Amino acid sequence: MRIAVIGGGPGGLYFSALARQLDPTHEITVWERNAPDETFGFGVVLSDQALSGIEHADPAVLSEMRPLLVRWDDIDVHYRGTTFTAGGNGFAALSRAGLLLTLQRRCARLGVLVHYGSAITDVDALAADHDLVVAADGANSLIRDRYAETFRPTVRTGACRYIWLGTDLELDAFTFHVVDTPGGAAQVHAYPDSRHASTLILELSENAWQAAGFATAAPPQLAPGESDERSIGMIAELCKDILNGQKLYGNNSRWLRFPTVRCAAWRHGNVVLIGDAAHTAHFSIGSGTKLAMEDALALATSLREQPSTEAALAAYEAERRPAVASLQRAAQASREWFENVDHYTHQEPQQFAVNLLTRSRRVSYTGLRRRDPAFTARAERWFAGAAGGEAGPPMLQPFRLGRLELVNRVVVSPDATVPTRDGVPGDLQLVHLGGAALGGAGLVMTGPVAVSAAGAVGWRRVVDFVHANSPAKVGVRLGHHSPDGIAKPLNELCREFATAARHAATAGFDLLELDCAHDSPLSSSAFLSPSTALEVFDAIRAAWPDGRPLSLRVSPARWCPDGDGVDAMAGIANEFAAHGATAVHVSTATQADRDVYADRIRNQAGRRSEFAVIAAGSIAASDVDTIVLAGRADLCVVDQPTPNSPSRFLRGTPDRATSKEWS
């Protein structure tokens with residue numbers, strides 16, 4: 001095949017070397033617009049897994065890289081004068097210049113022709129003259145723009161400003177620092193890229209960037225390759241305690257906003273995108289170079305294994321899309337976490353460190369414990385101390401919901417109504433809630449009900465059984481008031497809800513939850529407003545005993561259908577807290593929505609010490625430890641506890657020895 005590669009960065013060169021190695025009859029030519037010794041950026045991070053892949057694909061490349069690599073296992077989080085270290089991570093890095101030189105030499109030995117200082121202006125002609133054109137021309141790909149109708153790219157620009165720098169500071173770990181500025185927190189991402197140098201990235205919100213004076217310091221325009229030296233000097237002063245007297249230096253260093261690139265298609269005829277030309281992932285989650293090299297390997301292998309170019313390009317895209325999509329989801333979560341870091345700076349240092357390390361949702365409490373048992377043991381001790389419990393998994397720590405003492409953080413709450421006979425609960429409800437309580441949940445909730453006088457008697461039997469046979473508490477979700485309730489005046493509805501609340505109190509429920517989520521009548525278009533729900537809530541509050549907590553169940557998808565109401569939902573939660581709500585139950589259909597809404601409410605409205613957040617939405621028992629330890633919620637709804645759930649060890653009376661058994 002005659003193959004043209006546009007872009008002589010790591011992705012383009014690595015593909016060229018691999019393809020030529022797999023089939024020496026390929027005629028491969030690379031066009032690179034810069035000189036061979038002209039490279040922008042500093043260090044490239046590669047995981048141990050990525051290095052294993054390189055060694056398997058081309059041992060000669062790794063052999064030449066090996067002397068340039070600096071390795072580390074630790075991630076250090078520096079926050080409020082504390083340092084928390086999590087080990088067992090397995091990373092390596094080298095300078096971008098060193099990686100490029102290695103790949104340039106490998107291509108030269110294999111007979112790949114590289115034209116430096118050559119920019120392609122007519123890709124149509126190039127495609128017509130070659131069997132395959134590989135576009136490895138980066139995030140600002142001209143090839144992607146040329147065939148935009150086919151590739152259908154979207155580019156979402158991040159909210160933060162960031163700048164890449166180098167430093168003489170010698171590091172032995174991936175390091176995060178949180179630095180206070182007049183406009184909010186700034187974060188430093190730093191890692192070693194050689195034995196005597198490191199890469200440092202400063203990232204901060206637009207408000208912090210403006211307040212720190214960078215907006216006025218940055219020149220309106222920089223020449224190609226020129227760095228913003230004035231900003232670099234200001235950063236050196238801002239980070240002087242971190243740098244410890246070492247210098248900062250630039251290399252085409254300027255303020256940027258990160259562009260997240262996604263493409264609906266990666267191929268157009270015999271033109272294919274790889275690396276940043278096809279997709280990008282925020283630098284806080286990993287290396288774009290790693291992704292580009294993985295693309296290169298997949299494409300070269302597909303060309304070798306498939307019977308035609310068309311089949312090879314289809315196989316390449318089919319193989320790489322799921323992996324890239326997964327990493328981009330994690331990168332988006334990580335990017336948004338750093339964009340909203342000011343929401344988390346109220347957390348205690350230990351919790352902040354756990355939150356940062358698990359921000360992408362790819363690393364869990366279980367993963368942290370496997371990598372560094374000492375780190376998680378320290379976090380467990382802190383969390384247990386703050387909760388007033390004994391050492392053990394976070395999900396098994398007690399929690400005080402208003403005046404209600406819960407033995408652990410697990411909630412079982414069915415989404416659907418368990419059928420009753422004429423509105424009176426029977427054995428089915430007893431088995432359903434009783435079984436959940438005996439299984440170890442700290443709080444069990446009914447489905448949406450309207451408690452009548454007759455129903456109160458039946459519910460008393462269920463509640464008494466739970467209280468007599470387990471340490472669990474029982475909550476009632478008040479949602480359905482009458483078949484024709486929607487047509488009734490608001491005042492009448494308030495009276496009906498208040499009456500149902502009094503019956504629920506008579507039945508002995510420990511908690512009452514007003515259901516304004518999903519298909520609840522109060523989430524219908526007739527009543528979907530905070531003011532209407534507040535009137536109903538106030539009526540219930542007046543009828544409900546003072547010593548028992550009240551919760552509000554909301555569905556962000558119904559209250560904020562456009563998906564942009566995170567701050568609005570936090571404001572609504574604050575309003576209900578001011579009216580006496582003890583908790584808000586955030587019910588979502590997806591993990592992504594849960595991560596956004598429950599987390600934000602917990603770290604805005606939930607800063608009130610007496611106000612709790614209950615998270616629901618695709619939560620497995622194994623997720624609860626991560627969520628509560630990181631401070632993303634106080635309690636978690638696990639709809640169906642499994643035999644392997646840690647909560648199964650809490651049976652009968654709350655014997656804390658069972659926590660040790662689980663550990």
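The model you are looking at is predicted, and it holds 27 salt bridges.

## A pair within one helix

Look for helix α13, which covers residues 309–339. Here E317 and R321 form a salt bridge, and their closest N and O atoms are 2.8 Å apart. How far apart are E317 and R321 along helix α13? They are 4 residues apart, so about one helical turn separates them.

E317 has a relative accessible area of 7%, and because buried means under 20%, E317 counts as buried. R321, with a relative accessible area of 28%, is partly exposed.

## Pairs that tie parts together

Now turn to R600 and D567, whose side chains meet in a salt bridge with an N to O distance of 3.3 Å. R600 belongs to helix α23 (residues 591–602) and D567 to helix α22 (residues 566–578), so this pair ties together parts that are 33 residues apart in sequence. Is R600 buried or exposed? With a relative accessible area of 13%, R600 is buried.

Another pair to find is R66 and E55, where the side chains meet in a salt bridge at 3.6 Å, N to O. R66 sits in the loop between α3 (59–65) and β4 (70–72), while E55 is in helix α2 (residues 48–57), so the pair ties together parts that are 11 residues apart in sequence. R66 counts as partly exposed, at 41% relative accessibility. E55 is partly exposed as well, at 39% relative accessibility.

## Two helices side by side

Finally, let's see how a pair of helices packs. Two packed helices are described by the angle between their axes and by the distance between those axes. For helix α17 (residues 427–438) and helix α18 (residues 453–469), the angle is about 25° and the axes are 9 Å apart. Because angles under 35 degrees count as roughly parallel, α17 is roughly parallel to α18. The crossing of α17 past α18 is right-handed.

Which residues make the contact? On the α17 side they are D427, Q429, L430, L433, G434, A437 and L438, and on the α18 side W459, R461, V462, F465, V466 and N469.

How values were computed. Residues numbered from 1 in each chain as written. Predicted model: local features only at pLDDT ≥ 70, side-chain atom pairs only at ≥ 80, totals over all residues. Heavy atoms only, no water. Salt bridge = Lys/Arg side-chain N within 4 Å of Asp/Glu carboxyl O. Helix = DSSP H or I, 4+ residues; strand = E, 2+ residues; numbered from the N terminus. Buried < 20%, exposed > 50% of the residue type's maximum accessible area, 1.4 Å probe, protein only. Axes fitted to C-alpha atoms, helices over the stretch in contact; angles between N-to-C directions. Parallel < 35°, antiparallel > 145°, perpendicular 65-115°, else oblique. Left-handed = near helix turned anticlockwise from the far one by under 90°. Contact = heavy atoms within 4.5 Å.
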